[in-house]
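This report describes one protein model, from its overall fold down to single residues.

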Amino acid sequence: MEFLFVLFVGKPLWLWLMFLAIVVALMVFDLGVLNRDDHELGVAESLKLSAFYIAIAIAFGGYIWWAWQNGTLVTSDGSNPVASYFQGYIIEKVLSIDNVFVISLIFGYFAIPRKYQYRALVWGIIGVIILRGIMIAIGAELISTYSWVTLIFAAFLAFTGIKMLVVPEGDMDVSKNPVVKFVSRHMNVTNELRGQKFFVRETNPATGKLMLYATPLFVALLVINVADLIFAVDSVPAIFLITTDTFIVYTANIMAILGLRALYFALAALVHRFHYLKYALAVVLIFIGLKGFYSYFFGKFDPYLSLAITIGIIAAGIFYSLWKTRGDDDGHGTEVKVAE
């Protein structure tokens, strides 16, 4: 059993396997128990499931605190793993709210019924786990080799935050998405859904032979994963400016994403109530970018102060949004429509 204590990306192999076992168990529970029979996930059920995932994320943060206190877990950069984990988790969670709007547009474009949406989102997590892992590994290698890369991350985040404040958002046209165009040209795709299936074998009308066809559900899944990869361009540099410890970066990212799938159906109906949250998020990104410059030239910024500032800005954005849109429950504004 000595191999379990071999270091992998700065941490014992057993620690990585433990986290992956938690993720796999949650996926099996999600697909094999909660969503064994496809059904529409209502707002109430979505909120309950979200609370469950948030509790799991908090419990894992508690484990990080316990392991840090007894010396089992030491970060590679000497940062506070507890404050870093929760700050990264919160930022990733808030960044994901924008992702909800994009996902709902994708489902609407492909006319994916609600009862199949959750299954597609859960399967999408598998792709996210792999893609985020690759991006984080590349980021960690760049920072360990060239420490000045953190300055590029800091400048990018500050620029992104300023852009979010001053540049109005444009409407997304899914039909012009490069992934949709590529798939339509290079793959056989059925005109309609085939239940919950991603691929089917059907007779080609032109040749009379059985051929493998992708379904619109698979294409939607593919576009969603690519969209998540684009969103990761913001979130991954953000958390690397909080900590460069790969384990904390990866676990905070994945824990936030696991809960997003459950929260999607509640957020899709209420996203118009959080219209002003993006401005708070923009301020947080600017703050983290400036903090990256400070840490590079002057030393570590107090982790608990950084966490408190992040929570304060996000909380202010949430409460202001809810207050400002308190009369919008009738559907006026930018409410997202979820395909039925």
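The text below covers the overall build, one hairpin, and a handful of individual residues.

The model is predicted: local features need pLDDT of at least 70, side-chain atom pairs count only at pLDDT 80 or more, and totals for chains, interfaces and linings use all residues. Residues are numbered from 1 along each chain as its sequence is written, and side-chain values use heavy atoms, with hydrogens and water left out.

**Overall build**

The protein has ten helices and four strands. Helices (H or I, at least four residues) and strands (E, at least two) are DSSP runs, numbered from the N terminus. Their order along the sequence is β-β-α-α-α-α-α-α-β-β-α-α-α-α.

Along the principal axes, the C-alpha trace spans about 70 × 60 × 35 Å.

Of the 340 residues, 48% count as buried. Buried means under 20% relative accessible area, exposed means over 50%, and partly exposed lies in between (1.4 Å probe, protein chains only). The accessible surface comes to about 16500 Å², and carbon and sulfur atoms hold 68% of this area. Areas come from the Shrake-Rupley method with a 1.4 Å probe; for residues, only the protein chains shown count as cover.

A contact means heavy atoms within 4.5 Å. Among the contacts with a separation of 6 or more, 79% are between residues 24 or more positions apart.

The protein has 24 positive and 24 negative charges, and their mean positions are 4 Å apart. Lys and Arg count as positive and Asp and Glu as negative, while His and the chain ends are not counted. Each charge is placed at NZ of Lys, CZ of Arg, CG of Asp or CD of Glu.

Strand β3 (residues 199-203) pairs with strand β4 (residues 210-214) in the antiparallel sense, over five bridges. Two strands pair if DSSP finds at least two bridges between them. Arg201 has Leu212 in β4 as its bridge partner, and Glu202 has Met211 in β4. In a regular strand the side chains alternate between the two faces of the sheet. Six residues lie between β3 and β4 in this hairpin, and Gly208 in the turn has a positive phi of about 75°.

Most residues other than glycine have a negative phi, and most peptide bonds are trans. Val9 has a positive phi of about 50° although it is not a glycine. Val9 sits in the loop between β1 (7-8) and β2 (11-12) and is partly exposed, at 43% relative accessibility. Ala111, also not a glycine, has a positive phi of about 55°. Ala111 belongs to the loop between α3 (81-109) and α4 (114-145).

| Pair | Sequence separation | C-alpha distance |
|---|---|---|
| Ile309 and Gln87 | 222 residues | 9.7 Å |
| Val179 and Leu222 | 43 residues | 7.8 Å |
| Ile130 and Gly195 | 65 residues | 26 Å |

Ile309 is in helix α10 (residues 303-324). With a relative accessible area of 27%, Ile309 is partly exposed. Leaving out residues up to four places away in sequence, Ile309 touches Phe287 and Phe301.

Val179 is part of helix α6 (residues 178-186). Is Val179 buried or exposed? Val179 counts as buried because its relative accessibility is 16%. Leaving out residues up to four places away in sequence, Val179 touches Leu222, Val223 and Val226.

Ile130 lies in helix α4. Ile130 counts as exposed, at 51% relative accessibility.
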